[in-house]
Amino acid sequence: MISNADVQFSERLQAVYHCPADELPPHLIRYTRLIDSFHTRYGDTGTATIVRAPGRVNLIGEHTDYNGYPVLPMTIDRDIVFIIAPSEGNEINLTNEDPSFGERSFTASRTITPYKQGDWGNYVKAAVQGLIHEGVVEERSAKGFRAVVGGTIPGSAGLSSSSALVVASGLAFLAVNDKSFEPMLLADQLARAERYVGMEGGGMDQAISLLGVAGKALKINFYPLRQESIQLPESAAFVVCNSLVQASKSESGRDAYNLRVVECRVAAALFSSSLSKKLGKPITARLLSDLAPSLLHRTEREVEQDARMALGTQPLSLLEIALRLGEDPSEVRRRLCTLKDGSVVAEPPEGFKLWQRYRHVVSEAARVERAAAALSSGALDEFAALMNESHASCRDDYEVSCDELEALVTIARGHGAIGARLTGAGFGGCTVNIVPVEHVGRFLSGVRRAYYETYRRDHPEKIFVPFRSIDDVLFVCRATKGAGVV
Ligand code: GLA
């Protein structure tokens with residue numbers, strides 16, 4: 001017999017996943033399986049709580065967040081779910097539904113020694129340590145939890161599986177410690193917490209996971225965090241294609257990402273120092289957005305010329321940067337090239353590409369504004385054109401694309417996508433494509449054949465991540481509710 005509680009739970013899931021009733025059974029089956037494995041693993045612990053955090057796809061606004069400029073992502077219906085109950089003391093015990101990830105346990109405290117780099121448990125440690133550090137949970141009275149963890153976001157694919165894990169862990173820790181939360185504040189706190197794993201990410205991933213709205217994309221601004229929701233169109237779908245090239249936050253992708261963060265920081269320092277001299281008054285800039293024309297009371301053209309003068313159009317060595325700043329190279333290394341975890345970003349052999357990085361960030365920020373307006377008014381061709389421009393800028397100026405992403409974007413455009421671009425940090429991972437609804441079927445079968453069959457077969461020298469089902473790597477996005485207790 002179906003109880004009232006079952007009906008209520010189904011209704012809640014339907015609201016979370018923003019799906020028609022006939023698409024609910026797989027979700028119900030998944031949650032039932034997770035709850036059963038929780039009881040099998042930990043016995044009867046009284047009432048268990050369910051928290052979830054979705055992954056995201058960024059529609060436009062790449063590498064803008066850590067420069068203080070906006071992004072335009074949406075949540076996807078792939079998420080991390082924790083079934084939790086408080087533990088006796090401050091121990092945290094985790095069982096991943098996927099046996100290849102194994103079990104983890106550690107004690108909640110202010111300073112937690114990380115596992116080896118890349119370990120999934122580090123993202124849980126990051127959230128717990130971060131919330132204690134921020135004073136949200138007191139170290140002395142912190143309660144731990146036992147959890148079964150299940151995830152459906154493909155890993156290392158640029159869809160924010162790691163940030164969703166941080167967010168779900170944070171929510172679990174708050175829930176067992178009876179703390180309520182304010183999503184905006186928590187998004188900021190967890191963005192800071194995640195830097196514990198060594199990537200100097202901006203705040204987009206945690207923000208969209210927490211603030212996401214079913215059926216909508218969000219334009220998110222930073223410093224301070226603000227959001228504006230935009231209805232997704234009915235006449236077009238956003239489709240994700242995974243290049244099957246690992247875009248890992250924990251390995252080479254992380255180093256390449258951190259280098260971009262440092263290049264932007266150096267560009268802001270050089271540009272503000274040169275402007276201070278030119279204007280004869282101190283101009284301080286922590287972020288590139290502090291040097292926006294509106295804040296400087298100068299025209300876009302003037303600012304572009306000033307930036308070109310300040311940064312030069314050729315890559316600069318550390319020594320050249322130090323000379324321009326009038327500082328010792330070791331001071332530049334300490335002040336601008338050192339990350340939060342204390343590691344120092346090495347000088348690239350070809351020099352720091354400041355002008356190119358600057359040009360991407362500033363043009364991308366303008367595209368986000370135009371794209372948000374286009375999406376709001378249903379001007380989908382314009383939105384698509386901006387996605388295409390964004391991709392070119394990510395490839396040429398920011399240099400975060402790769403052969404496989406290029407192949408996927410070309411294939412997508414040849415099979416019905418009106419806009420196609422890499423999404424997330426890049427260096428592999430996924431593309432996002434806008435496809436008129438009447439072409440979605442043709443798009444899915446065409447891309448499947450051209451990339452997942454032909455391109456893969458024709459490139460035996462490349463390493464592609466294996467996948468179980470095509471629906472895990474090529475799928476239409478549906479924006480779900482943001483993270484929370486289910
Ligand atoms: C990663 C980071 C985000 C953002 C994107 C690039 O996903 O976590 O903060 O910088 O890359 O747009």
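The structure is a predicted model in which local features need pLDDT of at least 70 and side-chain atom pairs count only at pLDDT 80 or more, while totals for chains, interfaces and linings use all residues. Residues are numbered from 1 along each chain as its sequence is written, and side-chain values use heavy atoms, with hydrogens and water left out.

Helices (H or I, at least four residues) and strands (E, at least two) are DSSP runs, numbered from the N terminus. Two strands pair if DSSP finds at least two bridges between them. Angles run from 0 to 180 degrees between N-to-C directions, and axes are lines fitted to C-alpha atoms, for helices over the stretch in contact.

Strand 8 and strand 11 run antiparallel and are joined by 3 bridges. Within this pairing, Val239 has Val476 in strand 11 as its bridge partner.

Asn242 belongs to strand 8 (residues 236–242). Contact means heavy atoms within 4.5 Å. Leaving aside neighbours within four places in sequence, Asn242 is in contact with Pro154, Ala157, Leu408, Gly429, Cys430, Tyr451, Tyr452 and Val473.

A polar contact is a pair of N or O atoms within 3.5 Å; within protein, one must be able to donate a hydrogen and the other to accept it, and residues adjacent in sequence count only if both atoms are side-chain atoms. A polar atom of the Asn242 side chain lies 2.7 Å from the backbone nitrogen of Leu244. Leu244 lies in the loop between strand 8 and helix 7 (252–279). Although Leu244 is not a glycine, it has a positive phi of about 70°.

A second open sheet is formed by 6 strands in the order 4-3-5-2-1-12, with mixed pairing. Strand 4 (103–107) and strand 12 (484–485) stand at its edges, each with a single partner strand, so one side of each is left without a neighbour in the sheet. Strand 12 pairs with strand 1 (residues 49–60) in the antiparallel sense over 2 bridges. Here Arg52 has Gly484 in strand 12 as its bridge partner.

Helix 2 (residues 25–42) packs on the sheet and touches strand 1, strand 2 (72–86), strand 3 (91–96), strand 4 and strand 5 (145–151); its direction makes about 145° with that of strand 5. Helix 13 also lies across strand 1 and strand 2, running at about 85° to strand 1.

## Burial of selected residues

Buried means under 20% relative accessible area, exposed over 50%, and partly exposed in between (1.4 Å probe, protein chains only).

| Residue | Relative accessible area | Class |
|---|---|---|
| Asn242 | 8% | buried |
| Leu244 | 2% | buried |
| Cys241 | 0% | buried |
| Cys264 | 2% | buried |
| Glu399 | 30% | partly exposed |
| Ala346 | 60% | exposed |

Glu399 is in the loop between helix 13 and helix 14 (403–414). Its phi is positive, about 55°, although Glu399 is not a glycine. Ala346 is found in the loop between helix 11 (329–336) and helix 12 (354–376).

## Cysteines and a cis peptide bond

A disulfide is a pair of cysteine sulfur atoms within 2.5 Å. The whole structure has 0 disulfides. For Cys241, the nearest cysteine sulfur is that of Cys430, 8.0 Å away. For Cys264, the nearest is that of Cys394, 12 Å away.

Tyr223 and Pro224 are joined by a cis peptide bond, with omega about 0°. Pro224 lies in the loop between strand 6 (216–221) and strand 7 (226–231).

## The ligand site

A residue is near a molecule if one of its heavy atoms lies within 4 Å of it. The ligand is surrounded by 14 residues, of which the closest are Glu62, His63, Asp65, Asp205 and Tyr257. A polar side-chain atom of Glu62 lies 2.7 Å from an oxygen atom of the ligand. For Asp205, an N or O atom in the side chain is 2.6 Å from an oxygen atom of the ligand.
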